[in-house]
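Subject: Handover of a structure and notes on its contents

Dear colleague,

Please find the structure below, together with its sequence. My notes on what was found in it follow directly after.

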Amino acid sequence: MKLIRTKTFWRPLLATALALLASLSQAEPYRWDSLAIGGGGYVAAIVPSQTERGLIYARTDVGGAYRWDAAKASWTSLLDGVSEADVGLLSVDALALDPKDSAVVYLLAGVPYFSGGKTAVMRSTDRGATFSRITDVSHLFRANGNSLGRSNGEKMQVDPGDSKVLYVGSRANGLFKSLDAGASFKRVDSLPVTTTPNETGISFVLLDPTSVVNGVAQRVFVGVSRFGSVGPNLYRSDDAGASFKPVAQAPSAYIPQRATLAADGHLYIAYGDGSGPHGDWKKLNPPEPLTAGQVWKYQVASGGWTNVTPKGINRAFSGVSVDPRNAKRLVISTINTWMPQGGKNAGDRFYVTHDGGRSWTDVVERGFAMDTSGVSWISAYAIHWTGSIEFDPFDTRAVWVTSGNGVFRTADIDAKPATWTFTVKGLEETVPNVAVSVPGGPLLSVIADYDGFRHQKLDAFAPIHEPRLGSTTGLAVAGSNSAVVVRVGGKKMYRSADTGATWTEVAGMQGDYGTLALSADGAVLLHSFRQADGSNRTVRAANFTEAKPVWTAVRGLEGAPMRPVGDPVNPAKFYAYDRGTVRVSTDGGASFAATAKLAAEGSSLVRVAPGREGDVWVALKAGGLARSTDSGRAFTTFANIAHCGAVGFGKAMAGAPYPTVFIWGAPQGKPLGVYRSTDAGANWLRINDDAHQFGGPGNGEFVMGDMNVEGLVYMSTVGRGIVYGMPSGDAKPRTP
């Protein structure tokens, strides 16, 4: 009998097929968090709420903004939903709170070298959990949250009389004002300041809450980042910004950094000979070394000035805070001052006065102790680049201070000694360069500034690599001899034969920094680096474990900034991608030859499938994703991938014959995100969501799975450290 297939017959089959396709494109529930490193980057400012106990914010130069969770004693990141297109918004130039509504917080964010220089004023009405209004102000002015002057401030303020009025000081176009809670802005033409020689512009805006008349603050102070010899650097308005005048007899020898108003009618200003947090080596006249400064007190009513600099201290100052319960009690901080701090380390100093600045106590000299909070690596470093220091408004024994490596807090600044606790749980602000998950071993990372770590657990602060290198750019693990590891940074290189537990220096290193590749057996090492003339070079050593290794130039990789990778099985093979050309070595990295052409502008980070010879994957960004199974001679581009910025591998899922493939990319018709394939790229499942984008994989350009835990994935970021995702069914972080 002939079967007639009617529309009624096909309809349920079609519905089933559509449901299957939909399930494949939906995001699997994943829990996202940061790999525990602890701080690691510059926190430019602490901003405590004056109206709600325990509500404190921190802004950073490359890692976004954070809110303190007092109950959990940890920080909550506020900008994890930033897309790759808006990654520049992770550089926060200013932060403002509404004095009338503690739930409202504003961020001024942007940086010139990302996102086309986009600058935005972001407004939240739920303490930064979401930002309901993001106003693009790029056509008016540009922020630079990772530039000199980022520790100044705050240059954005909400009017204490009217929550709809918002002032923003810019770096190159003067002062702006919003009358509609940041929806729109207009330049305040009455302030005769646009640019400054150091390109920092306005350093702070301060509104006097005692001057509110007709619903708005009449008195507005504006600090300008320039020496008085260039032009006035402190302005005052007494008519809500309708007019501004230079403050008479204001100190002119230094640049204003930060300011605070005391309840007794005094304005305190910290000054330094630069915009900070370090000296400026540009050809400025006069120069800005940031090695000297003062602290001054201005009597608002009379206009009188008093130099209240601690006696005998001619250093640059930045942080200044007044006790809201005692107008004569203040705390200040130096900046860029490398003085003894607790013995072996050198950093900034903090001073307390109880008499309005007539006398000061050097809190560090009196007695200094550091509580690392389990972050062992910080013990070798000091509190430095102290841009801001703040009393806790609700417990003024406690003081918060920012540093080039995170945030510190003392519960009692009058204690002898005062103990400064590294308060960075949840605040992860590092720039990761490389991470490798070792099968049967740890996760190894290298990062900018602070070496890198040997991670045994996701939520436990890991030990730093010793000996230390500082900024570390290269890391390689031998594909079939994973005990062999090499790392490089600066002008030194170290090797390990026990997966990074101990390290020995590699002698005779050529070049500096750069990237590394090891042959599968760990016998051959390639080092690719940039030379002084701007060209790139790759050298090879087949005896790098010996006292006098022989380094030879690798043929076929001249010029281009490539990152070779060793085949995980065959020691003779290496692969590299060069702006559209795949280059392969079959002689142990001695020479490379072009073997295939792919789309240009892809990622230089070539990936090889673990345990498989010749299985090579290349992320081609707008060109998609390509794979070779014949050692780079021929490639197939995945038709189902529209964009791929990074690709990596993890442990195969139960029952799957191929390692799990992870990408930062977009299947055809799907949004950009983190996707997972358990069938070698035939199908893709999104595993992140729009609230967990982290600005994309950043400079590290990596997304990769764990080789020991199914489904666990890691991703680099531009400044949020290494983030990880784990299926949400896993209640607790597992050992990688």
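Arg720 counts as buried, at 3% relative accessibility; here buried means under 20% relative accessible area, exposed means over 50%, and partly exposed lies in between, for a 1.4 Å probe and protein chains only. Its salt-bridge partner is Asp80, with the closest N and O atoms 2.8 Å apart. The term salt bridge stands for a side-chain nitrogen of Lys or Arg within 4 Å of a carboxyl oxygen of Asp or Glu. Asp80 belongs to the loop between strand E5 (74–77) and strand E6 (92–98), and Arg720 to the loop between strand E59 (713–715) and strand E60 (723–727), so the pair ties together parts that are 640 residues apart in sequence. Asp80 is buried as well, with a relative accessible area of 13%.

Two points on the source should be kept in mind. This is a predicted model, in which local features need pLDDT of at least 70 and side-chain atom pairs count only at pLDDT 80 or more, whereas totals for chains, interfaces and linings use all residues. Residues are numbered from 1 along each chain as its sequence is written, and side-chain values use heavy atoms, with hydrogens and water left out.

Further salt bridges

The structure holds 28 salt bridges. Side chains of opposite charge can pair when their charged atoms come close. One of the salt bridges joins Glu466 and Arg468, whose closest N and O atoms are 2.9 Å apart. Glu466 is partly exposed at 42% relative accessibility, and Arg468 is partly exposed with a relative accessible area of 26%. Another links Arg579 with Asp578, the closest N and O atoms being 2.8 Å apart. In that pair, Arg579 counts as exposed at 57% relative accessibility, while Asp578 counts as buried at 9%. Salt bridges that share partners also join Asp208, Arg219, Arg236 and Asp238 into one network.

The sheet E2-E3-E4-E5

Strands (E, at least two residues) and helices (H or I, at least four) are DSSP runs numbered from the N terminus, and two strands pair if DSSP finds at least two bridges between them. An open sheet is formed by 4 strands in the order E2-E3-E4-E5, with antiparallel pairing. E2 and E5 are its edge strands, each pairing on one side only. On average, neighbouring strands of this sheet are turned by 30 degrees against each other, direction ignored; the axes are lines fitted to C-alpha atoms, for helices over the stretch in contact, and angles run from 0 to 180 degrees between N-to-C directions.

Within this sheet, strand E3 (residues 56–60) has 5 of its 5 residues buried, so it is largely enclosed by the rest of the structure. In a regular strand the side chains alternate between the two faces of the sheet. From E3, Ile56, Ala58 and Thr60 point one way and Tyr57 and Arg59 the other way.

E3 pairs with strand E2 (residues 43–48) in the antiparallel sense over 5 bridges, and Ala45 stands opposite Arg59 in E3. E3 is also joined to strand E4 (residues 65–69) by 3 bridges, again antiparallel, with Tyr57 opposite Arg67 in E4. The hairpin of E3 and E4 has 4 residues between the strands, and Gly64 there takes a positive phi near 85 degrees. E4 and E5 run antiparallel and are joined by 4 bridges; the bridge partner of Tyr66 in E5 is Ser77.

Other strands

A further open sheet has 4 antiparallel strands in the order E14-E17-E18-E19. Strand E14 (202–207) and strand E19 (245–246) stand at its edges with a single partner strand each, so one side of each is left without a neighbour in the sheet. E14 and strand E17 (residues 220–224) run antiparallel and are joined by 5 bridges, Leu206 having Phe221 as its bridge partner in E17.

In strand E38 (residues 474–477), Gly474 and Ala476 point one way and Leu475 and Val477 the other way, and all are buried. E38 is joined by 4 bridges to strand E39 (residues 485–489), which runs antiparallel to E38. Ala476 stands opposite Val486 in E39.

Yours sincerely
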